[in-house]
Amino acid sequence: MRFHAVIVAAVWFGFVDSRKMRGISSSYKRFYRERRSFLCIDGSKIIPFEQVNDDYCDCEDGSDEPGTSACPRGRFYCTNLGFRPHYIPSSRVNDGICDCCDASDEYNSHAHCQNTCWNLGQRERAYVEGQMRTLDEGLQLKQQLIEEGVLLWREKQAQLRELQQVAEDLQVKLEERRRTKQEADRHKEHESRAPEAGDGGLFRGQNITVTGTFKLLDSNKDGSITVDEVQAKVSLVHDEERLLSEDEALIKDERGAPGVGEDPRLKAADTAEREASNLKKVEEAYETVNMELSDLREKLAIDYGPDWEFLFLNSQCYKLKVYEYTYTLCPFNQVAQQSTAGTEVSLGRWGMWDGTPENQYGRMVYENGEPCWQGGSRSTTVTLTCGTETALRSVKEPSKCQYIMDFQTPVACQPVLKQRGIHSEL
């Protein structure tokens with residue numbers, strides 16, 4: 001009889017002990033080991049241990065009622081074996097609604113709760129395993145993009161050196177062309193004044209070519225020179241008072257036709273014009289190369305990650321249609337929104353990286369877009385997530401003219417996620 005009493009007492013105390021321990025996480029069980037008295041966790045009061053979980057709130061912090069709804073500030077711990085454990089407000093204990101997947105919160109209610117933790121955990125584990133496979137594949141793709149980024153960076157550096165050399169060569173050529181044009185301009189000025197030199201005949205002290213002479217003497221511009229035209233305009237150097245004879249006035253070239261030469265003034269003008277054209281071509285080429293240099297230097301000044309893994313995104317654009325709008329993200333350049341009517345609005349230009357210390361390259365900021373009707377300018381925050389494809393996944397406008405985008409790419413995959421282990425909570 002005595003033996004049976006001992007067994008009944010042991011079972012009863014086990015039942016009481018399990019009742020007392022309900023709603024407590026393993027990290028807090030050390031506070032509930034004392035059997036004679038209980039110290040409120042905030043240290044405000046000592047009560048008999050029998051008053052723990054007696055459905056009456058004795059401690060201000062609610063620590064004496066972890067398994068009941070007696071304390072307004074209390075928390076009930078759902079163990080949820082096989083799934084994620086979590087806390088719920090103690091007011092939800094025995095309220096007829098199943099909050100814990102292991103049904104531990106409804107131990108004394110009319111609710112018929114099923115333990116669904118294993119099924120939930122199985123689905124969670126399948127999801128995490130899929131995420132881990134994506135992470136593994138993404139990391140492999142990232143390594144390929146890193147290798148491509150290094151090669152692309154070297155290519156851009158070589159292109160920069162080549163453009164710098166071209167710019168230097170063009171600068172030398174530009175100085176030469178400028179000097180040549182100045183000489184041509186001086187010669188043109190000299191020739192334009194030459195016919196006015198002297199006060200005698202047209203030939204005095206001048207080296208005029210046959211063509212120039214022909215044009216000067218052809219008074220009626222009929223393409224031929226008569227003896228009268230020559231006699232009317234030309235006087236001899238040694239005898240200015242005597243007119244030319246008909247034989248002296250007759251000018252013929254080697255073929256017996258009237259002499260045809262070239263006016264030095266026209267030749268000088270043509271040369272000056274040609275040199276001006278050549279100078280302009282060199283100036284335009286020099287300006288184009290310098291613009292390319294400036295653009296390339298600006299691109300190379302951007303932070304593309306420690307291994308230049310984000311470099312491939314430059315000069316690329318990604319689109320996503322959301323209702324009546326098409327959004328375009330051009331990494332390291334700009335973000336735009338286009339309506340079905342064709343109107344395009346700038347949602348910001350490349351600003352900076354704005355990630356966390358743990359993930360510096362996890363977020364981009366594009367700012368100074370088109371003005372918003374409420375004031376200020378439009379801006380966009382782009383969050384980068386790990387994936388096996390590079391694509392724009394979602395666009396939202398949580399507040400007026402402030403946009404957020406989800407941009408998926410393999411280069412956003414971080415090995416630290418794998419090292420940390422997503423399974424640790426399951």
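**View 1. Strands β9 and β10 of the predicted model.** Strand β9 (residues 363-367) and strand β10 (residues 379-386) run antiparallel and are joined by four bridges. Strands here are DSSP runs of E with at least two residues, helices are runs of H or I with at least four residues, and both are numbered from the N terminus. Two strands count as paired if DSSP finds at least two bridges between them. Within this pair, R363 lies opposite T383 of β10. The model is predicted: local features need pLDDT of at least 70, side-chain atom pairs count only at pLDDT 80 or more, and totals for chains, interfaces and linings use all residues. Residues are numbered from 1 along each chain as its sequence is written, and side-chain values use heavy atoms, with hydrogens and water left out.

**View 2. The open sheet of eight strands.** The strand order is β5-β6-β7-β8-β9-β10-β12-β11, and the pairing is mixed. β5 (318-322) and β11 (391-399) are the edge strands, each pairing on one side only. On average, neighbouring strands of this sheet are turned by 25 degrees against each other, direction ignored; axes are lines fitted to C-alpha atoms, for helices over the stretch in contact, and angles run from 0 to 180 degrees between N-to-C directions.

View 3. Five bridges hold β5 antiparallel to β6 (residues 325-330), with L320 opposite Y327 in β6. Two residues separate these strands in their hairpin, where Y323 has a positive phi near 55 degrees. β6 is in turn joined to β7 (residues 334-339) by six bridges, again antiparallel. Y327 has Q337 as its bridge partner in β7. The hairpin of β6 and β7 has three residues between the strands, and F332 takes a positive phi near 65 degrees.

**View 4. Aromatic residues.** The whole structure holds 16 aromatic pairs. Rings of Phe, Tyr and Trp (its six-membered ring) pair if their centres lie within 6.5 Å; planes under 30 degrees apart count as stacked, over 60 as edge-to-face and the rest as tilted. One cluster is formed by Y304, F310, F332, W350, W353, Y361 and Y366.

**View 5. Charged ends over tyrosine rings.** The charged end of R22 sits over the ring of Y107, 3.8 Å from its centre. Likewise, the charged end of R75 sits over the ring of Y87, at 3.7 Å from the centre. The criterion is NZ of Lys or CZ of Arg within 6 Å of the ring centre and within 35 degrees of the ring normal.
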